[in-house]
Amino acid sequence: MEPTAEIVIIGAGVIGCSTAYHLAKAGITDVTVFEMDQVGAGTSSKSASMLSMQFGRDPLLARMAQYSYGRYMDFEAELGSPIDFRKTGWISVAAGEAAANLRRHAEGLQSLGIPTELLTPDEVKYRYPELNTGDIELGTFGPDDGPFDPHMIMWGYVKKAAGMGVTFRQGEKATGLRIEAGRVTGVETGSGFIGTSTVVNAAGPWAAEIGRWAGVEIPLTNRTRTIVMTGPLPDIPADRPFVEDETVEWYFRPETGGVLMGMGNVPAKSPEAALDSEMVNKIVDHAVHRVPVLEKASLLTAWSGVRPLTADGRPIFGRLPGLDGLLLNCGWGGMGIIQAPAAGQLMAELVRDGRTSTFDTDGLLFSRFVEPH
Ligand SMILES: Cc1cc2nc3c(=O)[nH]c(=O)nc-3n(C[C@H](O)[C@H](O)[C@H](O)COP(=O)(O)OP(=O)(O)OC[C@H]3O[C@@H](n4cnc5c(N)ncnc54)[C@H](O)[C@@H]3O)c2cc1C
């Protein structure tokens with residue numbers, strides 16, 4: 001007899017792992033997760049590992065980040081796994097048009113009750129003496145943000161979900177959907193067919209490929225971002241905040257004795273990112289300008305990852321019109337780790353109740369990209 005599952009999830013990145021856990025928590029444990037590589041091998045292992053409420057540029061996403069932040073603060077109590085969060089804060093700096101945007105953004109966050117201070121360049125310098133603040137006009141500070149460990153998060157979800165009955169099949173690729181009379185009846189995989197009436201597409205930068213099996217073009221705009229890590233650099237204390245230079249979209253934060261820096265918004269040729277060495281040079285050039293002491297740093301390692309973005313910056317969540325049984329939980333762009341608790345909770349509500357209740361997700365539907373007839 002062919003195997004079956006009530007729900008099949010494609011992808012065990014942070015979104016697939018959170019979805020699996022939240023389904024089990026909602027009482028739906030006949031769930032099989034297919035991961036073509038290993039848990040977290042996709043974009044979720046390439047990130048800057050920041051938990052932030054300063055990130056959301058859109059009120060719905062900012063409120064979802066607030067919700068997810070609260071869930072992360074309870075993560076260890078709820079799941080029994082630590083996430084290694086350190087509340088070091090987030091400073092943004094900007095000049096020119098970017099400064100005007102940053103001010104508007106900060107005021108928006110303040111109106112939602114998200115702690116955000118406006119800083120003069122001198123106040124930025126006081127908080128972060130190693131920064132060159134000569135050419136900045138405005139800074140902001142979010143005290144609650146900081147780095148955490150995406151692997152601990154994913155494995156926390158996996159261990160708890162597996163303990164509740166969810167099956168994780170790593171190293172097994174989903175290769176197609178079986179569709180009969182407008183509804184999903186199963187998934188073809190490298191190791192055979194599995195019958196199911198509900199598939200969750202949590203394939204991150206690969207999500208468009210799964211859509212094509214159903215004849216649907218999921219409008220992801222995958223973009224490559226590069227991270228550079230330096231060797232030990234005692235000049236930058238380990239408790240310094242994350243800093244984003246909004247004018248050029250460059251950021252850095254302390255990491256394992258040195259610093260981690262990131263930059264890049266380059267159209268991705270494929271969901272598998274090769275190292276963008278041109279971007280490594282740009283990152284280093286800007287580093288020396290913004291933080292002159294980084295001139296002394298050695299380059300330890302670098303990698304590029306693919307952010308599965310969308311045209312309006314919102315994820316694509318929920319049902320596909322005209323096809324029963326394929327649910328989307330993708331397009332989480334540059335905030336998938338931050339938003340994973342919300343993404344999983346909302347999908348569990350949709351599956352269990354037929355609608356979401358923690359947030360109204362109508363504005364995240366695939367149909368917003370479809371031209372009205
Ligand atoms: C450089 C960089 C920095 C970032 N920094 C941050 C940050 O600080 N904070 C933050 O919140 N976010 C950050 N992000 C974004 C974040 O990493 C993503 O939003 C998040 O990881 C997306 O998770 P996902 O589960 O959707 O995708 P993924 O982690 O890519 O998971 C999808 C999984 O699906 C699997 N898969 C695909 N196709 C198939 C198939 N056919 N069969 C079986 N398995 C399949 C893949 O192997 C993969 O493991 C950053 C991203 C980058 C690139």
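Colleague: How many helices and strands does the chain have?

Modeller: Nine helices and 19 strands. Both are DSSP runs numbered from the N terminus: helices are H or I over at least four residues, strands are E over at least two. The radius of gyration is 21 Å, close to the 21 Å that the globule rule gives for 373 residues, so the chain is as compact as a globular protein of that length. That radius is taken over C-alpha atoms, and the rule is 2.2 Å times the number of residues to the power 0.38.

Colleague: What are the ground rules for these values?

Modeller: This is a predicted model; local features need pLDDT of at least 70, side-chain atom pairs count only at pLDDT 80 or more, and totals for chains, interfaces and linings use all residues. Residues are numbered from 1 along each chain as its sequence is written, and side-chain values use heavy atoms, with hydrogens and water left out.

Colleague: What are the spans of the C-alpha trace along its principal axes?

Modeller: About 70 × 40 × 40 Å. Of the 373 residues, 55% count as buried.

Colleague: Why is His-286 called buried?

Modeller: Buried means under 20% relative accessible area, exposed over 50%, partly exposed in between, with a 1.4 Å probe and protein chains only. His-286 has 13%, so it is buried. His-286 sits in helix 8 (residues 277-290).

Colleague: Which residues does His-286 contact beyond four places in sequence?

Modeller: Asp-245, Val-248 and Trp-250.

Colleague: How do you know that the length of helix 1 agrees with expectation?

Modeller: The expected span is 1.5 Å times one less than the number of residues. Helix 1 (residues 14-25) has twelve residues and should span 16 Å; its end C-alpha atoms are 16 Å apart, so the two agree. Gly-27 follows helix 1, with a positive phi near 95°.

Colleague: Why is helix 1 called largely enclosed?

Modeller: Eleven of its twelve residues are buried, so the rest of the structure largely encloses helix 1. Among the buried ones are Cys-17, Tyr-21 and His-22.

Colleague: How does the span of helix 6 compare with what is expected?

Modeller: Helix 6 (residues 150-163) has 14 residues and reaches 20 Å from first C-alpha to last, close to the 20 Å expected. Its buried residues are Pro-150, Ile-153, Met-154, Gly-156, Tyr-157, Val-158 and Ala-161.

Colleague: What covers the buried residues of helix 6?

Modeller: The cover includes helix 1, helix 2 (59-73), helix 3 (75-79), strand 8 (167-170) and helix 9 (336-353).

Colleague: What makes Gln-339 buried?

Modeller: Its relative accessibility is 2%, so Gln-339 counts as buried. Gln-339 lies in helix 9. Beyond four places in sequence, Gln-339 contacts Leu-61, Met-64, Ala-65, Ser-68 and Trp-332.

Note on methods:
Contact = heavy atoms within 4.5 Å.
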